There are 2 protein chains.
Amino acid sequence: MSQTIRVGLAGVGTVGAGVLKILETNGDLIAARCGRRIAVTAVSARDRTKDRGIDLSGVAWEDDPRALAVRDDVDVVVEVMGGANGAALETVEAALGAGKDVVTANKALIATHGTRLATLAEDRGLALAFEAAVAGGIPVIKALKEGLAANRIDRVYGILNGTCNYILSDMETSGRAFELVLREAQALGYAEADPTFDVGGIDTAHKLAILAAVAFGMPVNFDAVHVEGIEQVSAEDIAFARELGYRIKLLGMARRRGDGVDQRVHPCMVPLGAPIADVDGVENAVVTEGDAVGRTILVGRGAGEGPTASAVVADLVDIARGLRLPVFGQPVGTLSDVAPIDIAERVGVYYLRLTVVDKPGVMAAITTTLARHEVSIDQMIQRGRAPGAAVPVVIITHETREAEMQAALAEISAFDTVREAPHLIRVVGS
Amino acid sequence: MSQTIRVGLAGVGTVGAGVLKILETNGDLIAARCGRRIAVTAVSARDRTKDRGIDLSGVAWEDDPRALAVRDDVDVVVEVMGGANGAALETVEAALGAGKDVVTANKALIATHGTRLATLAEDRGLALAFEAAVAGGIPVIKALKEGLAANRIDRVYGILNGTCNYILSDMETSGRAFELVLREAQALGYAEADPTFDVGGIDTAHKLAILAAVAFGMPVNFDAVHVEGIEQVSAEDIAFARELGYRIKLLGMARRRGDGVDQRVHPCMVPLGAPIADVDGVENAVVTEGDAVGRTILVGRGAGEGPTASAVVADLVDIARGLRLPVFGQPVGTLSDVAPIDIAERVGVYYLRLTVVDKPGVMAAITTTLARHEVSIDQMIQRGRAPGAAVPVVIITHETREAEMQAALAEISAFDTVREAPHLIRVVGS
């Protein structure tokens, strides 16, 4: 058996502790699979005195992760601190600069600095691996870079944020409002104290930008992702969705169209029976379409100690086995810049929920405005009569251009008979 | 860019033609991903004159695949002829003997001779790759060997044969009998002229034995797989299943229990809402349970030119990138023999359909016999009264030992009031 791979672990929070536990519990199994042992030789974390329920005796401690990254007794640095910049970025840069392979679970870091860091790694023949950054334990980066490497990938999309999926699933089951469910999710530890990154769609966008880079062979372009969160999804929308044969999911979607790529994160109406319509709670799902293989779907736990640590250790296993692939599946120098396609160019079906004052002429004004923008109506639900008071009107359109839809909506919003901001949710195919 | 990888293609049927097409269509993309080109330099097939719709000019032809396997201008041999023995086996042996890496789509070969061939390959430091042998285009072998390598895998199961899944889906939709649907599937090319391997469960068992070897780190043990096919599944069973909240699927299932491993292929009642209950038609699905990652589900096309060729080329990409892992994920010498667990030891729920003569005392005799074997009844459907004639009785049991269930069934079958052989289908959890 060859020499032990020595790991410096930067961050001993949930994921870091999970990595230590897996290497302890499955150490022999992993050694048999790699032909060598993987051992953590040094760690770094904010608070040295905190009880983490794991034995760190015999492991060196560094207060500064940047110092950990350059230690002579470290071959691979595992960065599980988080954050796009600051200590995480500096630790990864220091590690690559010192000739260490790097494994990270940090989607913000890769989505923001991935291309530059990949250049650093590839110039030195080092691994920069980030399976844990996307969809937790599901080996989706490996599937795209290796298992589906025979294919031109035309589309990749999925449910990439367990917090949002948990909230939406719970809202549907309980009929409760977003704020209430969010507060409970925070109490249960399923949502962060500051939930903006999750519920605002940023976390999904980070992951999508990484998936798109690997799938399409392009530099990570997080800024090109159109991002909307789930804050505006109401219990009413969820109930109407169910009635119309849909479920509401926050999807990250990237599609190649001609010379461009469309990257979007927003709530979607997914038809019941679609392969990801039933992916509930904290599960993630990634759907890939390749020219030879067709559609492939991967489902599993997208977050949490075990799943995320499983992905980190899988990357360590690759490194221990001597596998060092180009960071995004092909050398950074061969990635081709692809023009972003603006969401205004989307052509699709829309769900629209308006709250209107129930008086003569209101529907005529709305439908005339839609017609003028060539938005044609497939289904309309107007429920309850309450003359002079506000009632909901739900419209499902035929295929429409986003730009026209938005223009019509801007006009309709300005009507004094329309109360509340209109709710628009895009409908996706099966 | 390094030297081109030269492929000798043994077999130019559906899969072989698919490989040639992918290397043609996506050649540049694949070269960017591998850092070198993959080119077929020689082929071998039964009939040289057949028009395959692909350009084979500039490619050497060998009538004998064993001669192809040892050519100097071949680095990797792709075996896509099929068959557990004969030419396929001799070609793979010749290739490994001559120091060539081997990629095969041949599940019968790997299920039968996998361990011995792995030894041959590993002794010479060669790859013997078989992603295409299981679940077509779904990269499930890579997921088990690499993406989930941090985990102790406790269970792997799935829908592994598209022909059976197509037939069962069609029987459900159309309400037609097995023989009729099979005949149509043969006419459409979804089933072979001799369908025994598919509908008899052998093909699923080959794939399961391979999955179990990789998942549990044990030598392939095809002989230990309990195999039943779908020939006895009737339209009535499918209708009753639906009424009771189940769908019938042919599953291959392997589970580690203590020091043993249970490997089984048989029709199952899968509860509606279970992750694979909705996998229809020619799709395959593989579910894996790992101690850290939890449950992971992979779904995609399990057969056909594109998906199978996608997997073959993915293996070629691995080899072109220099990846040569132990054949079953850890060196053959470290695989540990695991005792097979007999199906008689299964504890679970059973669906039973009896055809009984409608006369006094029949039900008492059946239920008394079940009770004597400690089989307790959860649900019973007795439909229609036709005094003196045969009527169906459907029973869902509580958890029961297989051995007791079979003993009770043997007694009940012998009653002169019981017409037709009883139908037993095992119910699986969600």
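Just after helix α13 of chain B, B:E374 takes a positive phi of about 60°. Helices here are DSSP runs of H or I, at least four residues, and strands are runs of E, at least two, numbered from the N terminus. This is a predicted model, where local features need pLDDT of at least 70, side-chain atom pairs count only at pLDDT 80 or more, and totals for chains, interfaces and linings use all residues. Residues are numbered from 1 along each chain as its sequence is written, chains are lettered from A in the order in which they are written, and side-chain values use heavy atoms, without hydrogens and water.

Stay with α13, residues 362-372 of chain B. Which of its residues are buried? B:V362, B:M363, B:I366, B:T369 and B:L370. Buried means under 20% relative accessible area, with a 1.4 Å probe and protein chains only. They cover an arc of only 135° around the axis, so they sit on the same side of α13(B). That arc is taken from the directions from the helix axis to the C-beta atoms. Their cover includes β14 (347-357) and α14 (402-413) of chain B.

Now the two chains. A rotation of 180° with 0.0 Å of shift along its axis puts chain A on chain B, RMSD 0.0 Å. The copies are thus related as by a two-fold rotation axis.

Last, domains. Chain A has domain 1 (5-133), domain 2 (148-301) and domain 3 (344-427), with bounds from an automatic or database assignment. The centres of domains 1 and 3 of chain A are 51 Å apart, over C-alpha atoms.

Conventions. Copies are superposed by least squares on the C-alpha atoms of residues with pLDDT of at least 70 in both. Buried means under 20% relative accessible area, exposed over 50%, partly exposed in between (1.4 Å probe, protein chains only). Contact means heavy atoms within 4.5 Å.
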